[in-house]
Amino acid sequence: MDGPLPLALLVASLLFAVVVLVYVVLDRTPDWGLLGFAAVIEAATLVLLVIAAVQVGDADLSGPSAITLFGYLAAGLVLLPLGFVWSLAERSRGATAVLMVAGLTQAFVVVRALQVWQS
């Protein structure tokens with residue numbers, strides 16, 4: 001899980017949260033552009049999950065650490081879709097803010113997965 005992908009995913013997640021913050025301030029609901037941005041983050045998370053699955057044999061991870069790592073990565077795959085479902089179902093400023101929290105949580109999940117990988 002070394003290389004530029006985890007860092008790019010972290011930056012993209014934080015940038016996504018900032019963009020959603022602008023949407024909240026402007027009282028806009030999520031649109032197709034925001035959904036596309038989230039889809040790119042989801043694809044990168046899936047690629048990171050596959051890379052981790054391939055490299056876990058070479059890493060020195062014990063059973064609980066590997067489960068924790070894949071738990072974080074799997075959670076990263078469901079955060080943004082759940083945030084979008086919520087924000088599109090309610091169509092309010094608060095529901096759009098939930099999407100911002102999902103983006104920040106996505107960044108946290110990537111950081112935690114990297115910490116588990118390096119331990």
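**Entry 1: before starting**

I reminded myself that this is a predicted model. I kept the residue numbering from 1 along the chain as its sequence is written.

**Entry 2: salt bridges**

How many salt bridges does the structure hold? I found two.

I took the pair of aspartate 27 and arginine 93 to begin with. Their side chains meet in a salt bridge, with 3.6 Å from N to O. I then looked up where the partners sit: aspartate 27 is in the loop between α1 (4-25) and α2 (32-55), while arginine 93 belongs to helix α4 (residues 93-118), so this bridge ties together parts that are 66 residues apart in sequence. For arginine 93 I read a relative accessibility of 42%, which counts as partly exposed.

The other pair is arginine 28 with aspartate 31, and here I noted 3.1 Å between the closest N and O atoms. I checked the accessibility of both partners. Arginine 28 is partly exposed at 39%, and aspartate 31 is partly exposed at 28%.

**Entry 3: backbone angles in the loops**

I went back to aspartate 27 for its backbone. Its phi is near 55°, a positive value in a residue other than glycine. I had already placed aspartate 27 in the loop between α1 and α2.

Arginine 91 turned up in the search as well, with a positive phi of about 55° although it is not a glycine. I located arginine 91 in the loop between α3 (63-90) and α4. Its relative accessible area is 45%, and I wrote it down as partly exposed.

Next I turned to helix packing. Two packed helices are described by the angle between their axes and the distance between the axes, so I looked up both values.

Are α1 and α2 roughly parallel or roughly antiparallel? Their axes come within 10 Å and cross at roughly 155°. Since angles over 145 degrees count as roughly antiparallel, I put α1 down as roughly antiparallel to α2. I noted the handedness too: this crossing is left-handed.

I then listed who makes the contact. From α1 come Leu5, Pro6, Leu9, Ala12, Ser13, Leu15, Phe16, Val19, Val20 and Tyr23, and from α2 come Leu34, Phe37, Ala38, Ile41, Ala44, Thr45, Val47, Leu48 and Ile51. Sorted by class, the contact of α1 with α2 has 17 nonpolar residues, two polar ones and no charged ones.

**Entry 4: α2 against α4**

α2 passes α4 in a left-handed crossing.

The contact is made by Leu34, Ile41, Thr45, Ala52 and Gln55 of α2, together with Leu99, Gln106 and Trp117 of α4.

**Entry 5: serine 13**

Serine 13 is in helix α1. Is serine 13 buried or exposed? At 1% relative accessibility I counted serine 13 as buried, the cut-off being under 20%.

I also asked which residues serine 13 touches, not counting those up to four places away in sequence. The answer is Ile41, Gly103, Gln106 and Ala107.

Leucine 15 is another residue of helix α1. I read its relative accessibility as 46%, which counts as partly exposed. I looked up one C-alpha distance for leucine 15: glycine 63 is 48 residues away along the chain, and the two atoms are separated by 33 Å.

Leucine 104 lies in helix α4, and at 43% relative accessibility it counts as partly exposed. Leaving aside neighbours within four places in sequence, I found leucine 104 in contact with Leu14 and Ala17.

Technical notes. Predicted model: local features only at pLDDT ≥ 70, side-chain atom pairs only at ≥ 80, totals over all residues. Heavy atoms only, no water. Salt bridge = Lys/Arg side-chain N within 4 Å of Asp/Glu carboxyl O. Helix = DSSP H or I, 4+ residues; strand = E, 2+ residues; numbered from the N terminus. Buried < 20%, exposed > 50% of the residue type's maximum accessible area, 1.4 Å probe, protein only. Axes fitted to C-alpha atoms, helices over the stretch in contact; angles between N-to-C directions. Parallel < 35°, antiparallel > 145°, perpendicular 65-115°, else oblique. Left-handed = near helix turned anticlockwise from the far one by under 90°. Contact = heavy atoms within 4.5 Å. Nonpolar A, V, L, I, M, F, W, Y, C, P; charged D, E, K, R; others polar.
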